[in-house]
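This briefing sets out selected features of a predicted model.

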Amino acid sequence: MDINKILQSKKFKITMGIIGGLIVLLLAFGIGAFVGLRRANFSFRWAENYHRNFGGPRNGFFGEINGRDFIDAHGVFGQIIKIDGSTLIINGRDNTEKIVVIKDKTIINGFQNNLKPADLKVNDYIVVIGDPNNTGQIEARLIRLMPAIPMMKI
Amino acid sequence: MRKEYEKIFSRFTTIEPPAGLLDKIIERIRREKHLLAVKRRLVFISLGTIVSLTAFIPVFKLVQADINQSGFLQFLSLAFSDFGVVINYWQTFIMSLLETIPAITLAMFFSVILVFLWSLKLLARDIKIVYGYQ
């Protein structure tokens, strides 16, 4: 097989075009997310200082989150560290604790079968997708039990 | 005296250059110039290939670390393990993927691949040109 022929072929050009398009898309998304993050950070700081100026706590209501990204709102992957009724506290990436609320319609899947909320145990690893509510919790749509990953850095 | 010389020289047959010699010389000069340009370009392209090949491993490790850290693969795996549910809640699923995708490092990774493939393509073409001339 002639490598030169492959490299000069139309399929190769299309592949290059797809990779190029993907790069543009990812860059646009990354830059958009970065700009959004900066704006959100500014708004957050503005609100913090506003409250502080009118007699709020010294460190603001939200404490210090310098150097940390804003947390993900539509899902979490991590270890259950506490179960309180239908509420799970998950230790997610960067040791961020997130509250996941199990609703009636929440689907909980184990490795082979469907599970009930009572089947979930502390120290289990789960992936959750859901929607954020007004109180900063994630209302779970799907909870999937995952095998423990020893190398995982959360 | 001059007439004698003319007589002597008139006995020689005049040699004309072959037809198209000038064109051949011009063509050869053009080809040599082109070959030189291709060889110079080959140096830069080889450099690009080596740099992109060398950058591949550290950038790959960076992407791997980012993907592991973000949990992107775990969210993506839901598409295979819980396809039906994911279809029902596709908007939430897409949002969870977008929130965890390491976009900039992935863009870097694909850029390295693109530069490598592009330089490989040019390298193959230019090597063919150089060997074609020889």
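Between which two strands of chain A is the loop in which A:Asn123 is found? The loop lies between strand S3 (97-109) and strand S4 (125-132) of chain A.

- A:Asn123 has a positive phi, near 85°, although the residue is not a glycine.
- Most residues other than glycine have a negative phi.
- A:Asn123 is exposed, because 9 other C-beta atoms lie within 10 Å and a residue with 12 or fewer counts as exposed.

**Largest nonpolar core**
- The largest nonpolar core has 30 residues, of which A:Val100, A:Val127, A:Val128, A:Ile129, A:Ala140 and B:Leu78 touch the most other members.
- At least two residues of this core come from each of strand S1 (75-84), strand S2 (87-91), S3, S4 and strand S5 (138-146) of chain A, and from each of helix H3 (72-81) and helix H6 (103-133) of chain B.
- The most is given by H6(B), with six residues.
- Beyond its neighbours within four places in sequence, A:Val100 has contacts that include A:Val76, A:Leu88, A:Ile90, A:Val128 and A:Ala140.

**Form of chain B**
- Chain B contains six helices and zero strands, in the order α-α-α-α-α-α along the sequence.
- The radius of gyration of chain B is 32 Å, whereas a compact globule of 134 residues would have one near 14 Å.
- The C-alpha trace of chain B spans about 110 × 30 × 20 Å along its principal axes.
- Buried residues make up 21% of the 134 in chain B.
- Of the contacts in chain B between residues at least 6 apart in sequence, 86% join residues at least 24 apart.

Terms used
Residues numbered from 1 in each chain as written. Chains lettered and ligands numbered in written order. Predicted model: local features only at pLDDT ≥ 70, side-chain atom pairs only at ≥ 80, totals over all residues. Helix = DSSP H or I, 4+ residues; strand = E, 2+ residues; numbered from the N terminus. Rg over C-alpha atoms; globule rule 2.2 N^0.38 Å. Buried ≥ 20, exposed ≤ 12 C-beta atoms within 10 Å, placed from the backbone. Contact = placed C-beta atoms within 7 Å. Core = buried A, V, L, I, M, F, W, Y, C linked by C-beta atoms within 7 Å.
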